[in-house]
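Please read them against the coordinates.

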Amino acid sequence: IQETDSFKWVFNVRKITTVYDFVAANEKLRKVSNDFQTMEGGLQYKVVTLGEGGTKIAPNDELSMHVSYQVGDSVIFDSYAQNQGQPVPQMAMLPNKPGELTQGLFILQKGDSAVFQMDQQAYAAISGQPKQEWMKDTDMHVWKVKMVDVKSSKAIKAEMDKKQAEAKEAAKSQNANDVAAIEAFLKQTNV
């Protein structure tokens, strides 16, 4: 390959899914079940409990959740134990590939809990992570998720706008106080 070579890329669009369609399709999966269901891409899920709901998760929403992740019988991460009992913040992002855990999170709403799992082979294919020496081919990757809160991107923007307006008003007020103090000092000292 030379620096002056050209490349031609040819793409075939197989399917177009809007964000609205993606969110709506996942909303239909939000049902309590005793058995695991399989999503496109192979991620298995089971909704354990439904919470108060209210806000469907959309891209760029701010999620707050408790997560326990284990491989086989080894707990890799548990937010209850390893995050000082605090939920983990996460921005909702569309999955890059079908079967990623982020795809499953879009099923949930505030207060919901679910279990997601995939076998070692599927995990390696989707994540691009090779199997570690201590892992067995039969191990399952399991995520137990409790969605504590969902803040829409619109609500986050409104909060930021409000804080900026308050900060601007506080700066304006401080400036006025500073000017008044300086003028009083100048008047008092006959400068």
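Are Tyr69 and Trp143 buried or exposed? Both Tyr69 and Trp143 are buried (under 20% relative accessible area; exposed means over 50%, partly exposed in between; 1.4 Å probe, protein chains only).

The model is predicted: local features need pLDDT of at least 70, side-chain atom pairs count only at pLDDT 80 or more, and totals for chains, interfaces and linings use all residues. Residues are numbered from 1 along each chain as its sequence is written, and side-chain values use heavy atoms, with hydrogens and water left out.

1. Aromatic pairs. A search of the whole structure gives 3 aromatic pairs. Rings of Phe, Tyr and Trp (its six-membered ring) pair if their centres lie within 6.5 Å; planes under 30 degrees apart count as stacked, over 60 as edge-to-face and the rest as tilted. For Phe22 and Phe106 the ring centres are 5.0 Å apart and the planes stand at 75°, so this pair is edge-to-face. Phe22 belongs to helix α1 and Phe106 to the loop between α3 and β6 (113-119), so the pair ties together parts 84 residues apart in sequence. Helices (H or I, at least four residues) and strands (E, at least two) are DSSP runs, numbered from the N terminus. Phe22 is buried at 16% relative accessible area, and Phe106 is buried at 3%.

2. The stacked pair. The rings of Tyr69 and Trp143 have centres 5.0 Å apart and planes at 10°, so they are stacked. Tyr69 sits in strand β3 (residues 62-71) and Trp143 in strand β7 (residues 140-151), so this pair ties together parts 74 residues apart in sequence. Together with Tyr123, Tyr69 and Trp143 form one aromatic cluster.

3. Helix α1. The buried residues in α1 are Phe22, Val23 and Asn26. They cover an arc of only 95° around the axis, which puts them on the same side of α1; the arc is that of the directions from the helix axis to the C-beta atoms. Their cover includes α3 (101-105).

4. Gln120. This residue is in helix α4 (residues 120-127) and is buried, at 4% relative accessibility. Apart from neighbours within four places in sequence, Gln120 has contacts with Lys131, Met135, Lys136, Asp137, Asp139 and His141, where contact means heavy atoms within 4.5 Å.

5. Ile1. Ile1 lies in the segment before α1 (19-27) and is exposed, with a relative accessible area of 84%.
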